[in-house]
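Please look through the structure below before reading on. The briefing that follows goes through a few of its features, grouped by topic.

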Amino acid sequence: MSPAERWAVPLWAVFAIGNSALMWVVPGAETIPFHLVWISLALVYGVRPWPVPATLAVCLGVAVATGAPLWQHAHSKVIAFEETAEIPLMCLLFLVMVWHVRRRTAAVAEARLAASRERVAHEMTERFVRIATHELRTPITVARGYAEMLQLDSSDPGQASDVSVVVDELGKLSRITGRLAALAWAHQDARDGALVLDLGALVQRVARRWAPVVDGTIRVESAPTPVAGDEERMETALDCLVENAIRHGRAPIALRVRQDASAAVVEVEDHGPGIAPARARELLRGSDSPYSPRSGLGLMIAQGIVEAHSGRIALTRAPSGGLKATIHLPRLRPE
């Protein structure tokens, strides 16, 4: 319990008793202390709500303590009897306030419980993904190794062709488990231990690595652009976007880095048409989030990493007819 909650009730009790006594002393001018008692009661209840029985008892006690001098002064004709109508009205006003406070308290408690359940579910999902990918990697690697041995040792062309299918499928499983592992840590906050990295140099490195895959048809427009973040994770996000452009688009692939007034911007653009017009319209309307399973794990991983860096990804139709993924990251302000 905070000091404010601990001392609120005793201080209010002293204040209320003093003003109730003052109402007897100043007949005809008791309106101010009367309202001060009720206002202070509402304030102290907002700081430290009581159970319903205690609330009703306090309300009744305050009504008697402040109503008695009002009634006495009205009986003595110092004030009009109409003034005593404030007693039930203030009680009703206070009880309405209590009702609203209790509703809000219940709503906040329910929201906290829902958030706690969601956090636990998210943690369990992440833990399951990490454990599953860790446990799957070893048997997949072993199975792929044996399949490759069978492929090399096989003298039967038909059998070798069948084994090559097994090797390819095991390779796909290996890549999927790697993506799931990346997805498990993609949303972790990147601000802890963040370092200054150069987006321009990072994009150039990514382009050099992917250039052989598309016969060198990757165009890069970059300039030194410092941002704060995790270099390995940002490289993974760019890899996912470039791979998505290669797989679903058409060369050449364009990578651009620039700065605007408030953000560092990275663009990954393909020259399509790798996406059907209807699908492109969905992306342009924003009706299909990058979290959609139809968008693939790559976009989900990239989205999670960028959001962990307090950024965002926008998907738009490029002038070339392809898809343009634009990353917006907070600029690193010069000190």
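## A briefing on the predicted model

At 5% relative accessibility, Glu269 counts as buried, because buried means under 20% relative accessible area, with exposed meaning over 50% and partly exposed in between (1.4 Å probe, protein chains only). This is a predicted model, in which local features need pLDDT of at least 70 and side-chain atom pairs count only at pLDDT 80 or more, while totals for chains, interfaces and linings use all residues. Residues are numbered from 1 along each chain as its sequence is written, and side-chain values use heavy atoms, with hydrogens and water left out.

**The surroundings of Glu269**

- Glu269 belongs to strand 5, which covers residues 263-269; strands (E, at least two residues) and helices (H or I, at least four) are DSSP runs, numbered from the N terminus.
- Leaving aside neighbours within four places in sequence, Glu269 is in contact with Pro252, Ile253, Ala254, Arg256, Ala318, Pro319, Ser320, Leu323 and Lys324, where contact means heavy atoms within 4.5 Å.
- With Arg256 there is also a polar contact from side chain to side chain, at 2.8 Å; a polar contact is a pair of N or O atoms within 3.5 Å, and within protein one must be able to donate a hydrogen and the other to accept it, while residues adjacent in sequence count only if both atoms are side-chain atoms.
- Glu269 and Gly322 are 53 residues apart along the chain, and their C-alpha atoms are separated by 6.8 Å.
- Ala318, one of the residues that Glu269 contacts, lies in the loop between strand 6 and strand 7 (323-330), and its relative accessibility of 4% makes Ala318 buried.
- Not counting residues up to four places away in sequence, Ala318 touches Glu269, Asp270, Leu323 and Lys324, and the C-alpha atoms of Ala318 and Val268, 50 residues apart in sequence, are 9.8 Å apart in space.

**The chain as a whole**

- The secondary structure comes to nine helices and seven strands, and buried residues make up 37% of the 335 residues in the chain.
- Among contacts between residues at least 6 apart in sequence, 69% join residues at least 24 apart.
- The chain exposes about 19,700 Å², of which carbon and sulfur atoms supply 62%; such accessible areas come from the Shrake-Rupley method with a 1.4 Å probe, and for residues only the protein chains shown count as cover.

**Helix 2 against helix 3**

- Two packed helices are described by the angle between their axes and the distance between the axes.
- For helix 2 (residues 31-47) and helix 3 (residues 52-75), the axes come within 10 Å and cross at roughly 170 degrees; axes are lines fitted to C-alpha atoms, for helices over the stretch in contact, and angles run from 0 to 180 degrees between N-to-C directions.
- Helix 2 is therefore roughly antiparallel to helix 3, a term for angles over 145 degrees, whereas angles under 35 count as roughly parallel, 65 to 115 as roughly perpendicular and the rest as oblique.
- Helix 2 brings Phe34, Val37, Trp38, Leu41 and Tyr45 to the contact, and helix 3 brings Thr55, Val58, Cys59, Val62, Ala63, Thr66 and Leu70.
- By class, this contact has 10 nonpolar, two polar and no charged residues; Ala, Val, Leu, Ile, Met, Phe, Trp, Tyr, Cys and Pro count as nonpolar, Asp, Glu, Lys and Arg as charged, and the others, Gly among them, as polar.

**Two serines in helices**

- Ser40 is found in helix 2 and is buried at 12% relative accessibility; its side chain reaches the backbone oxygen of Leu36 at 2.9 Å, and, not counting residues up to four places away in sequence, Ser40 touches Trp12 and Phe15.
- Ser20 lies in helix 1 (residues 3-25) and is buried, with a relative accessible area of 11%.
- The side chain of Ser20 reaches the backbone oxygen of Ala16 at 2.8 Å, and, leaving aside neighbours within four places in sequence, Ser20 is in contact with Val37, Ala65 and Thr66.

**Positive phi values in loops**

- Most residues other than glycine have a negative phi, and most peptide bonds are trans.
- Lys77, which is not a glycine, has a positive phi of about 65 degrees; Lys77 lies in the loop between helix 3 and helix 4 (86-153) and counts as exposed at 72% relative accessibility.
- Ser310 has a positive phi near 60 degrees; Ser310 is placed in the loop between helix 9 (296-308) and strand 6 (312-317) and is partly exposed, with a relative accessible area of 46%.
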